[in-house]
Amino acid sequence: MALVASAGPLLQWSWISSQSGTILSLLVQHIELTAIAVGVGLAISLPLGIAAWRLPALRTPLVGFTGLLYVIPSVALMAMLAPLTGFFSVTTAEVALVSYTLLILVRNTVAGLASVPEDAHEAARGMGYTQLEELFRVQLPLALPSVLAGLRVATVTTVGLVNVTAFIGQGGLGQLIIQGFGEDFNTPIVVGLVLSVLLAGVADALLVGLEHAVLPWRRAGAGGA
Amino acid sequence: MNFLSQVATFFSTGSNWTGSNGIVALCLEQAKLSAVAVLAAVIAGVTAGSVLGHSGKGSFAVVNAANAARAIPSFALLTLVAIQPAIVRLQEGGFITAAFTMFALAVPPILTNAYAGVRDIDPAVRSAALAMGMTPGQLLRRVELPLALPLVMAGIRTAAVEVVATATLAAYVGVSDLGTYIFTGLDTRNNVETFSGALLVAALALMVDLVLAAAARGLTPVGLRGPSWSWRHGTAMALATLRPR
């Protein structure tokens with residue numbers, strides 16, 4: 001027998017039940033960090049997406065810039081932000097998380113708006129809609145499937161990335177991962193991993209539900225596609 | 001400007017570049033780790049993906065599993081592997097852990113892209129190749145893979161950028177790569193070191209992306225290049241499957 005400390009069983013149920021309070025509060029923190037990031041990301045991306053769609057000159061620099069952000073690793077981005085927004089602050093975590101939602105949300109908003117059929121545009125004009133009315137009543141609703149598809153990808157990605165913010169003192173479930181690694185103890189890591197994957201799955205399922213709720217015409221017309 | 005001038009001093013100090021903890025050594029370690037993981041993933045992913053795309057058997061399950069695997073946080077997998085006694089015993093445990101995790105991270109995008117690339121080939125092209133007397137192996141090697149190459153390369157590019165980015169985390173399990181600057185800097189609240197490390201990682205990731213974009217262009221059969229397959233189009237394809245890490 002080698003004299004190496006065991007990392008314990010993959011799941012030690014007694015630890016889980018004794019730590020259930022902590023686990024729950026970390027899960028809640030994880031959900032909060034994700035929700036704020038995706039919410040703020042959407043609030044920034046919708047106007048940016050509308051602007052990029054209206055002014056094609058903006059499109060290339062905007063997609064280029066958000067694409068550049070995508071290539072920067074999350075730990076590196078947070079580390080670069082830290083001197084500006086505080087080493088262990090929520091702001092640093094959120095700025096990084098929001099940055100990563102921008103590419104997919106802006107791109108899908110533009111794609112959704114660009115796919116609005118010309119007929120719909122002409123019908124709206126014929127009905128006497130102003131540009132603003134047309135945007136809110138015709139174009140944005142028709143772009144919604146694409147925006148929601150982007151929202152799903154952004155949410156699932158953010159759930160995973162929140163774990164990494166544990167390095168700057170945030171992290172939700174990521175804190176369990178750091179704890180498990182620090183203590184050579186499997187259970188916290190497995191709990192963090194499993195809950196993180198489950199959370200991504202549940203969030204995705206909820207957004208699919210939202211898709212069905214706000215796009216009833218799709219459900220009826222597309223036959224469940 | 002004071003902060004940026006400190007960063008400039010970090011990069012212009014010769015002793016920061018040399019030695020076992022110098023920029024060059026750490027950069028090479030990150031590149032070595034990434035190369036090992038991506039090469040292994042290319043072999044496994046392209047083989048499995050093209051065979052699945054060719055035969056179509058069991059592909060639904062495998063492709064779905066590959067997509068689901070992408071929801072696993074790489075950071076969790078990395079630490080979990082790192083603390084297993086069998087790994088802790090090894091001298092190069094950190095490197096092996098990181099290489100394995102990066103491999104697991106790189107296979108799904110390569111596999112799904114290779115699968116999609118081979119599957120979506122015009123059936124008429126297949127029939128023509130078979131009618132010319134090609135064996136299934138020849139069909140795969142000489143017709144299907146070359147035609148699938150743009151998508152295969154996009155998958156490899158996605159995987160490589162993700163791996164280079166995630167390799168930063170390897171410093172957390174004891175590999176001395178560019179992540180070392182970031183983690184040491186965060187621990188000691190040394191803004192300059194952290195920021196410089198982050199700059200280096202971002203530069204390396206961008207470089208890998210650009211080099212692979214050029215390679216993809218060079219390797220694509222001339223007939224497929226045309227005006228419709230531009231560098232920008234390649235970027236868009238790669239980003240479509242890329243996830244931040």
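**α8 and α10 of chain B**

I started with α8(B) and α10(B), whose axes come within 9 Å and cross at roughly 165° in this predicted model. An angle over 145 degrees counts as roughly antiparallel, so I noted α8(B) and α10(B) as roughly antiparallel to each other. Next I checked the hand of the crossing of α8(B) and α10(B), and it is right-handed.

Then I listed who meets whom. From α8(B) come L149(B), P150(B), M153(B), A154(B), I156(B), R157(B), A160(B), V161(B), V164(B) and A165(B). They meet L204(B), A205(B), V208(B), D209(B), L212(B), A213(B), A216(B) and L219(B) in α10(B). Sorted by class, this contact of α8(B) with α10(B) has 16 nonpolar residues, two charged ones and no polar ones.

**α9 against α10**

I stayed with α10(B), residues 191-219, and looked at how α9(B), residues 179-188, packs on it. The angle is about 155° and the axes are 7 Å apart. That again is over 145 degrees, so α9(B) and α10(B) are roughly antiparallel to each other. Which hand does the crossing of α9(B) and α10(B) have, left or right? I found that α9(B) passes α10(B) in a left-handed crossing.

In this contact, Y181(B), I182(B), T184(B), G185(B) and L186(B) are the residues from α9(B). Their partners in α10(B) are E193(B), T194(B), S196(B), G197(B) and A198(B). I sorted the residues of the contact of α9(B) with α10(B) into four nonpolar, five polar and one charged.

**The loop between them, and a look at chain A**

Between α9 and α10 of chain B there is a loop that holds R189(B). Is R189(B) buried or exposed? I counted 12 other C-beta atoms within 10 Å, so R189(B) is exposed.

D184(A) sits in the loop between α8 (174-182) and α9 (186-214) of chain A. With 16 other C-beta atoms within 10 Å, D184(A) is partly exposed.

**Where the chains touch**

I then turned to the contact between the chains, which takes 38 residues from chain B and 39 residues from chain A. On the chain B side, α4 (74-82), α5 (85-88), α8 (136-166), α9 and α10 each supply at least two residues. Which helix gives the largest share of that side? My helix from the entries above, α10(B), does, with ten residues. By class, the side of chain B that touches chain A has 25 nonpolar, eight polar and five charged residues.

**α7, out in the open**

For helix α7(B), residues 123-131, I counted the buried residues and got zero of nine, so α7(B) lies largely in the open. Just after α7(B), I noted that G133(B) takes a positive phi of about 90°.

Last, I looked up the confidence scores. The model scores ipTM 0.82 and pTM 0.84. Chain B averages a pLDDT of 84, and 90% of the residues score at least 70. Among the elements of chain B, α2(B), residues 23-55, has the highest mean pLDDT, 92. The lowest, 46, belongs to α12(B), residues 231-241. I marked residues 227-240 of chain B, where the pLDDT is below 50. Beyond near neighbours in sequence, that stretch has 17 contacts in the model.

Methods. Residues are numbered from 1 along each chain as its sequence is written. Chains are lettered from A and ligands numbered from 1 in the order in which they are written. This is a predicted model: local features need pLDDT of at least 70, side-chain atom pairs count only at pLDDT 80 or more; totals for chains, interfaces and linings use all residues. Axes are lines fitted to C-alpha atoms, for helices over the stretch in contact, and angles run from 0 to 180 degrees between N-to-C directions. Helices (H or I, at least four residues) and strands (E, at least two) are DSSP runs, numbered from the N terminus. Angles under 35 degrees count as roughly parallel, over 145 as roughly antiparallel, 65 to 115 as roughly perpendicular and the rest as oblique. A crossing is left-handed if the near helix is turned anticlockwise from the far one by less than a right angle, and right-handed if clockwise. Two residues are in contact if their C-beta atoms, placed from the backbone, lie within 7 Å. Ala, Val, Leu, Ile, Met, Phe, Trp, Tyr, Cys and Pro count as nonpolar, Asp, Glu, Lys and Arg as charged, and the others, Gly among them, as polar. A residue is buried if 20 or more other C-beta atoms lie within 10 Å of its own, exposed if 12 or fewer, and partly exposed in between; C-beta atoms are placed from the backbone. pLDDT is the predictor's confidence in each residue, from 0 to 100.
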